[in-house]
Amino acid sequence: DVYSISISGNTIYAGGNFSLVNGASRKYFTALDAAAGNVLQTPETDGAIHTLNFTGTRVFSGGNFISFGGRWNSGIAALDAGSGNMIEWGPDISEKN
């Protein structure tokens, strides 16, 4: 299931609750070349992405995850849209009532 899509230039970012994209292992988050549909390299996350928002050169994600790109990013994370690398940013959103 795809819950959110955000577009930056020729890249489509998708988040949700899935594990394969075009036969490639991509859990919860992927990027696709908008023209060809090719799966691009993206950081891994350990839980569903519920929202994506592109602003400036950053793609922000929110969801039910603890780790994104191998870093502690509880519930919210950001990546650089140009390089696809995680940005050292993010509050710790870990309390659940």
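Biologist: Where is Ile7 found?
Modeller: In this predicted model, Ile7 sits in strand β1 (residues 2-8); strands are DSSP runs of E, at least two residues, numbered from the N terminus. Residues are numbered from 1 along each chain as its sequence is written.

Biologist: Is Ile7 buried or exposed?
Modeller: Ile7 counts as exposed, at 53% relative accessibility. Exposed means over 50% relative accessible area, buried under 20%, and partly exposed in between, with a 1.4 Å probe and protein chains only.

Biologist: Which residues form the nonpolar patch on the surface?
Modeller: Val2, Ile5 and Ile7 form it, with about 310 Å² of accessible area together. Such a patch joins nonpolar side chains (Val, Leu, Ile, Met, Phe, Trp, Tyr) within 5 Å, from residues with over 30% relative accessible area and no salt bridge. The areas come from the Shrake-Rupley method with a 1.4 Å probe.

Biologist: Turning to charges, how many salt bridges does a search of the whole structure find?
Modeller: The search finds one, between the side chains of Glu88 and Arg71, at 3.4 Å, N to O. Glu88 lies in the segment after β11 (76-80) and Arg71 in strand β10 (residues 71-72), 17 residues apart. A salt bridge requires a side-chain nitrogen of Lys or Arg within 4 Å of a carboxyl oxygen of Asp or Glu. Local features need pLDDT of at least 70, side-chain atom pairs count only at pLDDT 80 or more, totals for chains, interfaces and linings use all residues, and side-chain values use heavy atoms, without hydrogens and water.

Biologist: How exposed are Glu88 and Arg71?
Modeller: Glu88 is exposed at 68% relative accessibility, whereas Arg71 is partly exposed at 31%.

Notes
Helices (H or I, at least four residues) and strands (E, at least two) are DSSP runs, numbered from the N terminus. Patches are made of residues with over 30% relative accessible area and no salt bridge: like charges are joined within 9 Å, nonpolar side chains (Val, Leu, Ile, Met, Phe, Trp, Tyr) within 5 Å.
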